[in-house]
Amino acid sequence: MSGTILFGRDRELAAVDELVDGLPERGSALLIRGAPGIGKSSLLDHAVTRARNSGLTALKASGVQTETHLPFAGLHQLTHTMTDRISHLPPTQAEALLGAFGMAEPSRSASAPQSFMVALATLSLLGEATAEAPVLLVVDDAQWLDMPTLDVLGFIARRVGSEPLGLLLALREDRTAWPGTPDIHELHLKPLEPTAADALLDARNPGLDPGVRRLVAEMSAGNPLALIELPITLADGVPSESVVSPALPLTPRLERAFASRLADLPSDTRHALLITAAADDGALTEVLAAASALTGTAISARSLEPAIAAGLVRADEFRIGFTHPLVRSAVLGSATLADRLAAHGALAHTLHGQPDRQAWHRAAAIGRPDEAVARQLDQVALRARGHGAAAAALTALERATALSEVPSARVARLLGAAELGLELGQTDRASSLLQQAEPLVVDVLDRARLLLLREGIELDVDTSTPRLHLLITTAEQASAAGDPELALRLLRTAARRCWWSDPGRELRERVVAAAERLPVSELHPDLVYTLAGAAPVERAATLLDRLQRLEREGGYDILAAATLGTAATMMNAYDHATGFLRHAAAGLRGQGRLGLLAQTLVSLAFSTVHTVDWETGLPAVAEAMRLADENAQPRWLTGARIAKAQFAALRGDLDTARAVIGEAERQGLSVANLSNLAFIQITRGLIGLAADNHAEAFSCVWRVFDPADPAYHPFLQTMAIAELAEAATGDEQRAMAKAALQQLVTSAGASEAQLIRVNLGFAHALLADDEHAEERFRSALDLDMSRAPFARARLMLAYGAWLRRRRRVMEARTPLRIARDSFAALGVEPWRERACQELRSAGEGSKRQSLTGWDLLTPQELQIAQFAAEGLSNKEIGRQLYLSPRTIGAHLYRIFPKLGITSRGQLREKLSVN
């Protein structure tokens, strides 16, 4: 059948052949779309045959609708012939993959889904196989694959370019494989042209009655499967009107055509087919055992022979499968509801030792609520989440909810499912679950959980006082009910809203007071975060003390490090944030928790901008952008773009800076976030300063200080005041900046945060009247600026320029020289050039700046070079960055010539010199 169905598919065959034939040289991915019966499966069969005839390894899988809830079922089907290789993977990867397949218990240390570790393990497994022969992955009916498997395939699709690894997926025209489909080529199969349709009919049914032929040609509308199947049905004597009723769309017509061929099968055969259609695996022994249980008589493989002869199924000594998905649909569609329930019941009865599959079939076999089955699905969800299959866990909890008999248990399942929905980014689904739960909630703690989950959905709305009061009151109730951790999470949410939009000191202090009354350690990361969000200035001394104690004592886990690093950034203590964030990023990367890793890398990038740490910041930006894009995290993609624009402005690449901040602003408007809006304006101000356009810089940064502007942000003003002061040139602007500075002195003047003190001192010096300016400059230079080298260099430049304008040229040269050399060391070209200009005006020239090694590398190349310089192999670097060893090798191939070296051993010396 495959060859005839490919009539008229020359262009499509050429595209598939090109992918397969090119695999030894390059990897590629192709998505084939089309209606049922249009020839997708035949193209895939052709690809597999061509690949195997060429000595390639071809791995096949096919999505089955009843398997969509079984996590990694499709991945196991695709790779089951390679499971003996899993033991050769790194232990963490092997544990994740074996756990995903139910061949090992999930790690007790894995408190979050490990889906990305499973994806990395799969990529490593396939990468090992490609060392022996190129590998082609072929997946039919991808729309029915379980979501964890689709996530893994999406991960692989983005990385096939540098591996001899091919990916062919086929799915229905109206379905989507991924929520955010990777950028891969798509091939759309259209109905056959009349000439090709005639050729197919001639090949398959050369003696067809002319009247029937015209009817088949008309009603098949060029669908190859219909062209083949409808004549068979008509030849069997089925009245044509029952097959080709104009009122029926194409797919039901074909299903009815298949169903008409079932009626003549023996009873035992039909029962075996019904079990096969209801099953989620296709193992022959399971099908026969369940069919025997269904009928009460022994059913053997001999009962399948009529179905095999009719071309409905294929079978060998191990497995049975339908020749086309529509056969399965026809079998299920022609059975009564009672028969379908009985089939699932028979499967549940025979699946001993397989609790997850057994629970699903029990759930499918029951037509009423059953708390016992619901509890079994609870365990299915728990195991699925431990294996990294959050989507499957969500489906299990939703089904358990429908089977719940106990109201309190139903609420718990609804809330648990909503939490998973948020984790997966499926906010619409989570919102629907919460709407179902809301009228059922009576317990105080459940109501608190409901509110917390609502916060996750409504993240960008309602920073009003009533909402904050509700969060605080609910937190106090949760604490009184005996759950201080839940109470603290609510207060942390309230604090975050306070940081976004200052509701006034009184309400912020109420958040702080409620948090400090909780019976938790004063070093609890969520408590530190809450204080930083609600009182970043007022509690600065307390927060700095606790951050320093935590830095000294250590012992915090990865999630705590991420929380503490973010807390430090909220109070502008970037000098303390960097250590926590680096620790968190390394740990999250190792655990494969890439969603949180993207957030952490954005915070790390913002921190390193202030110290102009290119070696840490640029790779963090590049990795954050890649991960946020892959994981559909628009908020953090915007943040990463802001940081990238800031680094570009510092380097003097103003075209890139303007383009990237424009992208960030467009994204920021669609994902409302006040802090991002403020960061965007601060960045535009930095770009204006780099371009020596002070008027533009001032107008942008002033928006952060204007209470009527959407970008107004009181807690980011302590950071923005430096840019505002440097941009203020005219009398009116200086007066506005002085007023803003005075307000900050009133609110934050006593802050112990080093960068706040440095920024205030810098602004005082630049905005001072002539008679007080020198005193202000000297006071600012006396501050500890060891962790703020860029601020110190800017201050030296401003001081030297001030001295030169006062005709104190000889005195001006020293601070200007220090500024020039500092900017040169930092790689901040616009400010270095400005210092050189001031020095020339003071009668001293400067040498031309030469490029350093890291100037020549892209951010990702720099990150790879750093890992390689530390002695990591290509495989080890690939595990860190979720890239294949071959991709790492390709990057190093480009890195060596850029740096003028020929071996890995020279990397450490080359980078350390720069």
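Does Tyr799 count as buried or exposed, and at what relative accessibility? Tyr799 counts as buried, because its relative accessibility is 7%, below the 20% cut-off for that class. The model is predicted. A search of the whole structure finds ten aromatic pairs and 46 salt bridges; this briefing describes some of them.

**Aromatic pairs and a cluster**

- Trp614 and Phe647 form a tilted pair, because their planes stand at 45° with the ring centres 5.3 Å apart.
- This pair links distant parts of the chain, with Trp614 in helix α32 (residues 614–630) and Phe647 in helix α33 (residues 634–651), 33 residues apart.
- Trp614 and Phe647 are both buried.
- Tyr799 and Trp802 form a stacked aromatic pair, with 15° between the planes and 6.5 Å from centre to centre.
- Helix α41 (residues 789–805) holds both Tyr799 and Trp802, which are three residues apart, about one turn of the helix.
- Like Tyr799, which has 7% relative accessibility, Trp802 counts as buried, at 8%.
- One aromatic cluster is formed by Phe698, Trp702 and Phe705.

**Charges over rings**

- Arg159 has its charged end over the ring of Phe155, 3.7 Å from the ring's centre.
- The face of Tyr529 has Arg492 lying over it, at 4.1 Å from the ring centre.

- Side chains of opposite charge can pair when their charged atoms come close.
- In the salt bridge between Glu371 and Arg413, the closest N and O atoms are 2.8 Å apart.
- Glu371 belongs to helix α19 (residues 371–386) and Arg413 to helix α21 (residues 407–423), so this pair links distant parts of the chain, 42 residues apart.
- Both Glu371 and Arg413 are buried.
- Arg806 and Asp770 meet through their side chains in a salt bridge of 2.4 Å, N to O.
- Because Arg806 lies in the loop between α41 and α42 (809–826) and Asp770 in helix α40 (residues 770–781), the pair ties together parts that are 36 residues apart in sequence.
- Arg806 is partly exposed, because its relative accessible area is 29%.

- The side chains of Glu774 and Arg778 form a salt bridge at 3.3 Å, N to O.
- Glu774 and Arg778 both lie in helix α40, four residues apart, about one turn of the helix.
- With a relative accessible area of 44%, Arg778 is partly exposed.

Technical notes. Residues numbered from 1 in each chain as written. Predicted model: local features only at pLDDT ≥ 70, side-chain atom pairs only at ≥ 80, totals over all residues. Heavy atoms only, no water. Phe/Tyr/Trp six-rings, centres within 6.5 Å; stacked < 30°, edge-to-face > 60°. Helix = DSSP H or I, 4+ residues; strand = E, 2+ residues; numbered from the N terminus. Buried < 20%, exposed > 50% of the residue type's maximum accessible area, 1.4 Å probe, protein only. Lys NZ or Arg CZ within 6 Å of the ring centre and 35° of its normal. Salt bridge = Lys/Arg side-chain N within 4 Å of Asp/Glu carboxyl O.
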